[in-house]
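Colleague: I have the model open on my screen and would like to go through it with you. Could you take my questions as they come?

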Amino acid sequence: MHLLICGGTGCKASSSDAIAEKLKLELAANTLQDEVQVILTGCFGFCEKGPIVKVLPDNTFYIQVTPEDAAEIVKEHVVKGRKVERLLYVDPTKKTTIEDSKHMGFYRKQMRIALRNCGFINPENIDEYIAREGYQALGKVLTEYNPQQTIDIIKKSGLRGRGGGGFPTGLKWEIASKNPADQKYVVCNADEGDPGAFMDRSILEGDPHSVLEAMAICGYCIGASKGLIYIRAEYPLAIKRLKVAIDQAREYGLLGNNIFGTEFSFDIELRYGAGAFVCGEETALIHSMEGLRGESSNKPPYPAQSGYLGKPTNVNNVETFANVPPIILKGADWYFSIGTEKSKGTKVFALAGKINNVGLIEVPMGITLREVIFEIGGGIKNGKRFKAVQTGGPSGGCLTEKHLDTPIDFDNLVAAGSMMGSGGMIVMDEDDCMVSVAKFYLDFTVEESCGKCSPCRIGNKRLYELLDRITKGEGTMEDLERLRNLSQVIKDTSLCGLGQTSPNPVLSTLDNFYDEYVAHVVDKKCPSGQCKSLMKYIIDPEACVGCTACARNCPVNAISGERKKPHEINQSICIKCGACMDKCKFDAISIK
Amino acid sequence: MTKVKSLADLKKMKETLQAKIDLREKGEAAENLVQIKVAMATCGIASGAKNVMDFLLEELEKRGINAVVTQTGCMGYCYAEPTIEVKLPNADPVVFGYVDTKKADEIIEKYIKNGELVDGIIPVNYESIDNK
Amino acid sequence: METVKLTIDNKQVEVPKGTTIYKAARKLGIDIPVLCYMELHDLGVENKPAGCRICVVEVEGRRNLAPSCATECAEGMVVKTHTTRVINARRTVMELILSDHPKDCLTCPKSGRCDLQDMAVKLGIREIPGQEYAEMSTYKKDFSPSIIRDVDKCIMCRRCETMCNEVQTVGALSAVNRGFMAVVAPAFEQDLEKSPCTYCGQCVAVCPTGALTEVDHTTKAIRAIADPTKTVLVQTAPAVRAALGEEFGMKPGTLVTGKMVAALRQIGFDYVFDTDFAADLTIMEEGTELLDRLTRFLSGDKNVKLPILTSCCPGWVNFFEHNFTDMLEVPSSAKSPQQMFGAIAKSYFAEKLGKKREDLVVVSVMPCLAKKYECQRDEFKVDGNPDVDFSISTRELAHLIKEFNINFEELPDEDFDRPLGESTGAAVIFGATGGVIEAAVRTAYEVYTGKPLPKIDFTELRGMEGIRSATIDFNGLPMNIGIAHGLGNARKLLEDVRSGKANYHAIEVMACPGGCIGGGGQPLHHGNSAIIKARMEAIYREDAGKPIRKSHENPYIVKLYEEFLGKPMSEKAHHLLHTHYFSKKKDIYIK
Amino acid sequence: MSHIKLELKPEQVAKIKEICKSFNNDPGELINVLHKTQETFGYLPAEVQEVVAVELNISVAKVYGVVTFYSFFTMIPKGKHPISICTGTACYVRGAEKVLDEFKRILNVKVGETTPDGKFSLNCLRCVGACGLAPVVLIGEKVYGRVSPDGVKNIIKEYEE
C-alpha cells in the first residue's frame, strides 16, 4: 500500500511535509512502515482543496488533510480498511462524497485532443501512430466522403483557427476550395514565434503524423496536391522528426500518388523560417516561403484567392491541424459538444512564468483562468501574490484578478482586452512591474516589426520610448494620454495583425494597472521595485554596524563611512546594482 | 513494408500493429514487460532526458530486467523535466518527474524491482479522448 | 463590365469591380491624400505597398481603418474619408513619419517640391509631440557621381524600389533591414557607385522626399562663368526645351527653345549651343556604322555583329556594361551626342577660337542624371581634362534661371549660336523614344538607296508601347528595327536577341520610359503619362517645323566633315567620336 | 552593416554553386540556400551573397534585403562558442535580463558582438521553447537551464581552456 501526499508547492505551503512526517510516525507506531510507503508527489492540480492525500491501490482521495488527521487515516483506513468519510471530497453539485479520484470529473481539468498522442507514442515510429488509429481519418474521407462533405464536418464541428485569429477553419477551407486553379497549396504555419509559447513545437516533436494527416485531408478538401510546412529554424528536433515522419508516410504510401488507391495525390515539403516573428502572419509567411523578405501585404487578396506563387493557398497552424483527425473519426457533434457557445473544442496552452507547474496543458474552452493557474498550474511560485497573466504573447494583453473567473474562449479574451493568440500564458506575480512588462513587449515588437508600414515601424518605437521614459521616472501625465492615443492609432492603421495588436500590452496594462503608471509618473516610484532608475538603496544607520563590507564591494565607490560607524550611499554615484545589499549581513540596506 | 493500399489495409495494419506494440519486439506478452517512455522533446532533452534514457537502457540490460525503453514527445510537465513514464505489468502507468540518473537508479531498484513508489510521482491530470 | 455601387462621404458612386476606394473617391471629386501610392498607368506599374497609411478611411463594419489606395470597393460599402477618427489617425501617422524625418526643410534640395512637405501642410501639422526624445533612424549619406542618397529622409514609400526593380530591372535598390531601421538601399548599404546603378535617375524622379536627389553641378557652372580665364560653352539636349517651361508654370508640351537660349545667354554662357548639332553628328557616325555592318553582313562576313544597338543613352550604356557583358561588341561605338559635342567643342571649335582646350568649359543641360556620370568617365578625358565639364539637369537649369532673377515667361526668343547650334529635325526627335532610330533611318535610307525618302515621318516607329518593332523597306531590303524604352523592356528585348529569338538589324534603347523627355532630370511628372505625351508631341512639332529634317543635310555638319573630320568613321572621327565599353560585372571569384 | 572584405577561394565558390544547384538555382529557395550557406561558412559575408545572387539570378540588393530581414542570418562571424540568451517572455520574467547583463559584463561585449579573441559571441534569441527551464542560455548546441547571474561565471569557465 502507498500513501501519496501532494508535494506540490501549494500543498507544501499548507504543511504536506508535516503530514508526511506524521503519517510515517503513525505507521511506525503500528509497525507498518515496511508495508506502507509514504510518497511525496508532484502537484495533483487540485490545490484549492489541498493538502491532498491519495491512498493506493484503492485510489481513495482525501482533501484538506491536516497533520492531526494522520493518526485517523492510518488507524481507520490502513489498519482497518475503512475510509475516513469526513475527508472525502463532496461533489458540490450532487452532494455525494466521491472516493475514487478516477471518478472526479473536476479533477481532470485537462482534456487531450490535439495532444492526444504527445507523450504516448514514439514520434519517430509511424507504426505507433497507426496503432492509435492514425491515418484512418484520411482513409475515411478519401473513401467515404467527397471534399464538400468533409468540409461540412469541419464546419459543423465549430473548429476555429488556433493560431490566434480564431477564423472558422471549415469556412476557410471552403473558400479555398471554391477558387478554381490548376495548382493550390496547403500550408502549415509552424512559425511559432510568440515568446513563451511552445505548443506547436511540442505537437510537432511528439506527434508529427497528426499534422501530416490533417494537411492531406485539407488538400483533399480544397483540391491541393502540395503541402508545405513553414517551420522555425530554431526547432531542429521538430524539423528532424517531421522529416522522419514525411519519409515514413511516403514509404507507407500515405503521402505521394494515389493515396489509399484513390485518385488523390498529396505530398509535403518543409520550408524554414529564419527568425522573423512577423512571418507568423500568413501573407508574410507566404512571402518568406517565396524567398522574399517576410513583409505582410494588404488583404484582400486573401491567400485563399492568391497565396503562395499567386495560387489559392490555405494556411492553418499546427494545433488547428492536429484537431482535424479526431474530428473526422469521432464526428462533428462530439467536438461541438466540447467548449463554449462560440469556441468549440480544447485549447493547448503553454503555462510559463511565475507559476509552479510550468508546462503544456490542453483544456476545454470555457475553463476559467483560475482553474488553469491555481489548479492545473499549481499556483504562484514561492507563495507570492498573483498579479497578472499575459495571454496572446506580444499581441495579447495582461489579465488580472478580476478576469480570473472569466471562461476562456476567443471572444471573452478579446472582450477582456487580450486575445487567445497561439496559447502562451505567462503568469506574473507581485514582483513584476507592469510598465516594464509592457515595455518588454514593445521592445519585442520594435525589433520584430517588418518596417513596411509607418504606424508599426515608427509608432511602436515611440511607444517604447514613452514607456522607457516612464520607467525612468521621466514620464508625464500627458505621456500617458499620448500612449493611449498612439496605441489606438497604431491598432487602427497598421497594415497587418502585428501592428494591429502590438499596442495591446500597453492598452491592457493602462486599463488594468493605471495606478502603477501613475505611481511611476507622479510619485516617481515603481511599486514592484523593478525599475532601477526609480530605486534608492538606503542604509539604515540604526542597523549598520560599520563593517565596511558594502563599501568594499561597491563597484563604483558610492559608499562611504568610517569603520564601526554607519555608512552612507551617495545616490548620485550609485548604479543600483544591489551588490551592497547582497553583502550586508545585518539587513541594514533596503530599497526605497 | 507494404504500402497502404486501402482503408481496410490500414485498419488491419492497426490491429496487428497494436498487438505488436503491446508485444514489443521481444515477442513476449505485454503483461510481463516493464515499459518505459522517456519524454524526449526539446525541453526534456535540454534537461538531460538523453542521459537518462541511455542510463536506463544500459542499466536495465545490466540488471537483467526485461524492459522496453522508448522515446516519446512532451508529456506537458515541463516544470519537472526530465520526465519518464513507467508501466509495470498489470499496473497503471506512473509518471516520475525530475528524473536524473540517480533518480532513475532509485526507480529501477525500488519501483521496477519491488513495486515501491518513490517520491516525485506526477499525477496524471487529464482526460484522454480514448476514454470517450 | 461588372460594377459595384457604394457610398463615399454620403455620395453614391458606381465603379467597375476591382476599383479601389481611392479611385472611386476621385471620381466623386474627393481627393483622399496619398503618399506612398504611385500609379504609372502607361507603364502598367502601380506602387501600392499600402505602407504609409496616410490614405486610411473609415469603412462601415470594418474593425480598423482601411488604406483607400489598396482596398477595393465592394457592393454597398459605406466609406467616410474625414471623420474625427480618420483625421486623428491620419495626423498621428503623419506626425510619426515626421518624427523620424529630418527637419532641415529650408536647405533641403527637395524643398518646395516635396510630397511630404505638401502633406504636412495639407494635414496642418504644427508640431511633433515628443520630438525632443524621439530617436531618429540615421544612415550614411551616399554621394555618387549622379545621385545623392540622403536616406535619413527615406519614408519607405518604396517608389524608388519599384522603379529600380520592376520598371528598370536594374536591381540596385532593395528594402533592407527590418523594423525601425528598415530603409531602401543598395546591397550592403554601400554607395550606389558600388552597385549596378545605371544613374538613370528614375528613382530620383519618383522620390517624394529629399532622400534621392541629383548631384548639383550648377555651383560649378556658375564658378566657371565667373572665371574670366574661361570660355564657357553650353549645350542643351533636345528634350529639355519640351519640358523646361513646366518649371515656370507653363503647360506641358510648351516649347521654350528660344526663351531657353535667351535665358542661358543672360546667365552668362559665352556660347549657347545645341546638343542637337551633335545629334546630327551621331547619326552620321552611327548611321554609317550601321550601313557598314549591314553591307558586310549581307556580303557574308561572319565576324560582323548585328543588330547594331544605339549608344547615345548613358543609362543604357551603364546597363549593358553591367548586365550584357557578353555583348559589348554589339552596341554602336559612336559616342553619345553630349560627348560628341564636347569632343568637337574642345578640338574643332577650340581651334577655331584659337584657344587651348583647358581654357574651354563645356556645360551641358540634360534631361538626364546619368549624363553627370557619363561626362566624368575617364575615356572622355584628355590628359585629365573632360570633354564635357559639367552636366546640369533640366530641373537645375530652372533653378538657375530663377536664381538669376530672370523672368522666364517674358523672355524674347533667341537663336542658338553657330556653328555648333545648328540642327535638323532629325536631331530634335532624339528626345523621344524611337526618335534616334527614326533619325538614323532617314539618313541611312538615303545613303543606302541613293534615293530621296518618299516620306520623312516614320510614324510606325513612334509611340509609347514599351517594346516596338517595325520593318522598313530599304529598296527591297527589309530592315528590321526594334525599339525599347525603359530598361526592363530593354532587358527583355536584349535577352530575345541573345537567345536568337528576335532578329533585328538595328535597335534603339532609351533607359527612361518615354525616352529622354521622361528622363530622370526632367521636371517631375509623377508618372502622369499625359505630361510625357505632351512633351513628345512638342518634340515632333519642333521636328515638323524644321526646314531641314535629315541629319546629313545639316550644312554645318557637312562643313565639319569637310573642314575637320574627313568622312564619317574616318580615323579622326574614330578617335574623337567613338568609344568602347567595359564590363562592370563584379568579379569575386578569384583569390 | 559594414562591408566585410573577404575574398573567396575557388573551392568556396564551387561550394556555394553546389548549394544553389541543389535547390535548382530557384530564387524561391533563397532562404533555404542562405540557411545552407550559413551552415557551411558560419556566416554570410558580402562575397558569399554576391555569388548566391549570381547563381539564383536575382539582384544582390535583394539577397542583402533578405539577409538583413531575418535575424537568423548574420554577416558577422560567430565566436567559437556562440552564446545565445533566451529573452522570451518566460525567461524575461524569470530574470533573463540580469543573466544577459552578467554575460555582457564578464565578456565585455555588446549583444551581437564577438569577443576580440573570437572565442565567444553574444546574441539574444526569442524562446527556444524550453520555458520550463527559464531562464535559458544556449552555448553552441548545449542548453543551460535555470541560469542565475551568479552561475554565469562558471558557465563561461567551462569553455576557457
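Colleague: How many residues of chain C are in contact with chain A?

Modeller: Bearing in mind that this is a predicted model, 31 residues of chain C are in contact with 29 residues of chain A.

Colleague: Which part of chain C gives the largest share of that side?

Modeller: Helix 2 of chain C, residues 84-99, gives the largest share, with seven residues on the side that touches chain A.

Colleague: And how do the residues on that side of chain C divide by class?

Modeller: The side of chain C that touches chain A divides into 18 nonpolar, eight polar and five charged residues.

Colleague: Changing topic, what domains is chain C divided into?

Modeller: Chain C has domain 1 at 3-82, domain 2 at 98-214 and domain 3 at 218-577. The contact between domain 1 and domain 2 of chain C takes 11 residues from domain 1 and 13 residues from domain 2, and the side of domain 1 that touches domain 2 has nine nonpolar, two polar and no charged residues.

Colleague: How far apart are the centres of those two domains of chain C?

Modeller: Taken over C-alpha atoms, the centres of domain 1 and domain 2 of chain C are separated by 26 Å.

Colleague: Now helix 10 of chain A: why does its span agree with what it should be?

Modeller: Its 16 residues, 236-251, should span 22 Å at 1.5 Å a residue, and because the end C-alpha atoms are 23 Å apart, the two agree.

Colleague: Which elements do its buried residues pack against?

Modeller: The buried residues of helix 10 of chain A, among them A:I239, A:L242 and A:I246, pack against helix 4, helix 8, helix 9, strand 9 and strand 10 of chain A.

Conventions
Residues numbered from 1 in each chain as written. Chains lettered and ligands numbered in written order. Predicted model: local features only at pLDDT ≥ 70, side-chain atom pairs only at ≥ 80, totals over all residues. Domains from an automatic or database assignment. Contact = placed C-beta atoms within 7 Å. Nonpolar A, V, L, I, M, F, W, Y, C, P; charged D, E, K, R; others polar. Helix = DSSP H or I, 4+ residues; strand = E, 2+ residues; numbered from the N terminus. Expected span 1.5 Å × (residues − 1). Buried ≥ 20, exposed ≤ 12 C-beta atoms within 10 Å, placed from the backbone.
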